[in-house]
Amino acid sequence: MKKQWLVLGMAAMMSLGCLFACGDGDDKGGDSGVIKGEKVTEQQWAAAPNSVDYKYVVVDYWEKLEGDGWSEEYEEKCIWNGDMFYEYEKDNEDVYISKSWDWEIVRNGKVYWYSKCEEGEEAEAGPWKEFDWTNHYETLDEYLSKHFYFDKEDVIEEEWAEFDMADFTFDEEKGVYYQTTTDEEETEKIEILFLDGKLYSVKWSCSWSDEEGKGEEYEIYTFKKEEIPALPDEEGLNALIAQNQ
C-alpha cells in the first residue's frame, strides 16, 4: 500500500485501502449507480460509527499495479454475517492466477473452518475442521472479538476521528459525501454514504504513477447483510458438529 492509512490492521484482511459505496463509475466495483445516499445532520455524522450493526459488514478490496513489462492484480472480499465469516482472494500476477476461499462458522461455542484454494492448475480443498484458537487467545469471546467479528475500533472508530464533515462536499446526484486530494504523483478520494440517517458505506480509493510504474486501488466497507456463498460439504460439517456435541 502506498499510504499508512491503507493498512488498518484487520486480522482477516492483509491489505486495505480505499472507499465506501457509490463510486465514480470508473473503478472496478462497489455499488456504483445502484445506491443513492442522503444528506445528514452534524449529529448524525458524529454518531456514524455507532449507527450500524457490525455483525453484518461486507468489505471489497481491489488493487492493480503495472510497470514495464509486468502487471499484478489482486482482489479480496470479506463477508461478516452474524455467526459466519467468508473470505475470497484472487491474485493475478501476469499469467499466473491463484484463488482461495475460506468459510468460518460458529456452532455450539466452537469454530469450524473450511478452506479451498487453486494455484495455477492445482487445487485442494477441505475437509471441515474445528479451528483451534487456544494457541493465541485465552477465551472464545476474545478470539471472536479480535478475529472473527469485524474490528470496528481499528477500521471505523479511529479513522472517523479524521473525518470532519466540513471537509467533505455533498454530491447531490449520487447522494454521497466526498473528499479528494491530489499531488504530483497520487490522487486519493474518500466517499461516504448514508441511508436512513445511518452510515451505509465508506470507500477509500487511490491512484498513482511514478517512474517505476502506476497503480490504483480501492476498498469499500458496506454495512449491510449479505448472504455467505453456499457452504461446501454441509453433510461433512454437520457430522463434525454432531461429533463435538
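Two aromatic rings of Phe, Tyr or Trp, the last taken by its six-membered ring, are counted as a pair if their centres lie within 6.5 Å. In this structure, which is a predicted model, a search of the whole structure finds 26 aromatic pairs.

**Aromatic pairs**

One of these pairs consists of Trp45 and Phe194, with 5.8 Å from centre to centre and 35° between the planes, an arrangement described as tilted. The pair links distant parts of the chain: Trp45 belongs to helix 1 (residues 42-46), Phe194 belongs to strand 10, and 149 residues separate them. Trp45 counts as buried at 4% relative accessibility, and Phe194 is also buried, with a relative accessible area of 0%. A further pair is formed by Trp160 and Phe163, whose ring centres are 5.3 Å apart; their planes stand at 75°, so the pair is edge-to-face. Trp160 has a relative accessibility of 6% and counts as buried. Phe163 is buried as well, with a relative accessible area of 9%.

**Charges over rings**

Two examples are listed below.

| Charged residue | Ring | Distance to ring centre |
|---|---|---|
| Lys116 | Trp101 | 4.8 Å |
| Lys203 | Tyr218 | 5.0 Å |

**Strand 12 and its partners**

Strand 12 (213-222) is mostly covered, as eight of its ten residues are buried. On one side of the pairing, strand 1 (residues 56-67) runs antiparallel to strand 12 and is joined to it by nine bridges. Strand 11 is likewise antiparallel to strand 12, and ten bridges join these two strands. A hairpin of two residues connects strand 11 to strand 12. Lys214 illustrates both pairings: Lys214 is the bridge partner of Glu66, and Ser209 stands opposite Lys214. As a general rule, the side chains of a regular strand alternate between the two faces of the sheet.

**Helix 2 and His147**

His147 is located in helix 2 (residues 140-148). Is His147 buried or exposed? Its relative accessible area is 18%; because the limit for a buried residue is under 20%, His147 is classed as buried. The side chain of His147 makes a polar contact of 3.4 Å with the side chain of Glu104. Between the C-alpha atoms of His147 and Trp133 the separation is 9.8 Å, and the two residues are 14 positions apart along the chain.

Most residues other than glycine have a negative phi, and most peptide bonds are trans. Where does the model depart from this pattern? The peptide bond from Gly126 to Pro127 is cis, with omega near 0°. Pro127 lies in the loop between strand 6 (122-125) and strand 7 (129-130).

Asp196 is not a glycine, yet its phi is positive, at about 55°. This residue occupies the loop between strand 10 (186-195) and strand 11 (198-210). Asp196 is exposed, with a relative accessible area of 72%.

Asp233 also has a positive phi, near 45°, and is a residue other than glycine. Asp233 is found in the loop between strand 12 and helix 4 (234-243). Its relative accessible area of 42% makes Asp233 partly exposed.

Methods. Residues numbered from 1 in each chain as written. Predicted model: local features only at pLDDT ≥ 70, side-chain atom pairs only at ≥ 80, totals over all residues. Heavy atoms only, no water. Helix = DSSP H or I, 4+ residues; strand = E, 2+ residues; numbered from the N terminus. Buried < 20%, exposed > 50% of the residue type's maximum accessible area, 1.4 Å probe, protein only. Polar contact = N/O pair within 3.5 Å; in protein donor to acceptor, adjacent residues only side chain to side chain. Pairing = 2+ DSSP bridges. Phe/Tyr/Trp six-rings, centres within 6.5 Å; stacked < 30°, edge-to-face > 60°. Lys NZ or Arg CZ within 6 Å of the ring centre and 35° of its normal.
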